Amino acid sequence: MVFGSFDKDELLDRVDDDIEFLEESVEMLEEDAPPLLEQIRSAINGGDAAALVAPAHTLKGMLSNFCSTTAEQLARELEERGRDGRVGDDSGAVVDSLAEAYESLRAELRSLVAGRR
């Protein structure tokens, strides 16, 4: 069942219904995602395709762990743009959408954890 921006059932299955582990994972996401988003923005603003690839790839992997298809796809799009040397176009809008998707995911994960305590 998709719970807003992620598949709740799949996520709970992945963590074996271990809410403590999930909470620790969410804390790591909250710690690591904002700097990665900033690195992505910086690469786009500087027109540096090579610098876009690593943070977008890392964030994509993190988001996939939380069964967040939309956010993961946006990060994948940015990674591909970096690999293809396409940092112009509407990459700024894509990173804005990614940041919004991350914030929604973060809030929904916090709600899930709080509701399971």
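Pro34 touches Leu29 and Tyr102, with residues up to four places away in sequence not counted; contact means heavy atoms within 4.5 Å. The model is predicted, so local features need pLDDT of at least 70 and side-chain atom pairs count only at pLDDT 80 or more, while totals for chains, interfaces and linings use all residues. Residues are numbered from 1 along each chain as its sequence is written, and side-chain values use heavy atoms, with hydrogens and water left out.

- Pro34 is found in helix H2; helices are DSSP runs (H or I, at least four residues), numbered from the N terminus.
- Pro34 is partly exposed, at a relative accessible area of 39% (buried is under 20%, exposed over 50%, partly exposed in between, with a 1.4 Å probe and protein chains only).
- Between Pro34 and Leu109 there are 16 Å in space, C-alpha to C-alpha, and 75 residues in sequence.
- H2 bends by about 25° at Asp32, with Pro34 following within four residues; the bend is the angle between axes fitted to the seven residues ending at a residue and the seven starting there.

**Length and ends of H2**

- H2 covers residues 19–45, 27 residues in total, and reaches 38 Å from its first C-alpha to its last, close to the expected 39 Å (1.5 Å times one less than the number of residues).
- At the N-terminal end, Asp18 caps H2 through a side-chain oxygen 3.2 Å from the backbone nitrogen of Glu20.
- Gly47 follows H2 and has a positive phi, near 65°.

- The buried residues of H2 include Ile19, Leu22, Leu29, Leu36 and Ile40.
- Those buried residues pack against helices H1 (8–14), H3 (49–65), H4 (69–84) and H5 (91–116).
- The largest nonpolar core has 37 residues, of which Leu11, Leu22, Leu29, Ile40, Leu59, Leu78 and Leu98 touch the most other members (such a core is a set of buried Ala, Val, Leu, Ile, Met, Phe, Trp, Tyr and Cys residues joined through side-chain atoms within 4.5 Å).
- H1, H2, H3, H4 and H5 are the elements that give two or more residues to this core.
- Leu11 contacts Phe6, Leu22, Asn65, Phe66, Cys67, Leu109 and Leu112, leaving aside neighbours within four places in sequence.

- Most residues other than glycine have a negative phi.
- Asp17, not a glycine, has a positive phi of about 60° and lies in the loop between H1 and H2.
- Cys67, also not a glycine, has a positive phi of about 55° and lies in the loop between H3 and H4.
- Cys67 counts as buried because its relative accessibility is 6%.

Definitions and conventions:
Polar contact = N/O pair within 3.5 Å; in protein donor to acceptor, adjacent residues only side chain to side chain.
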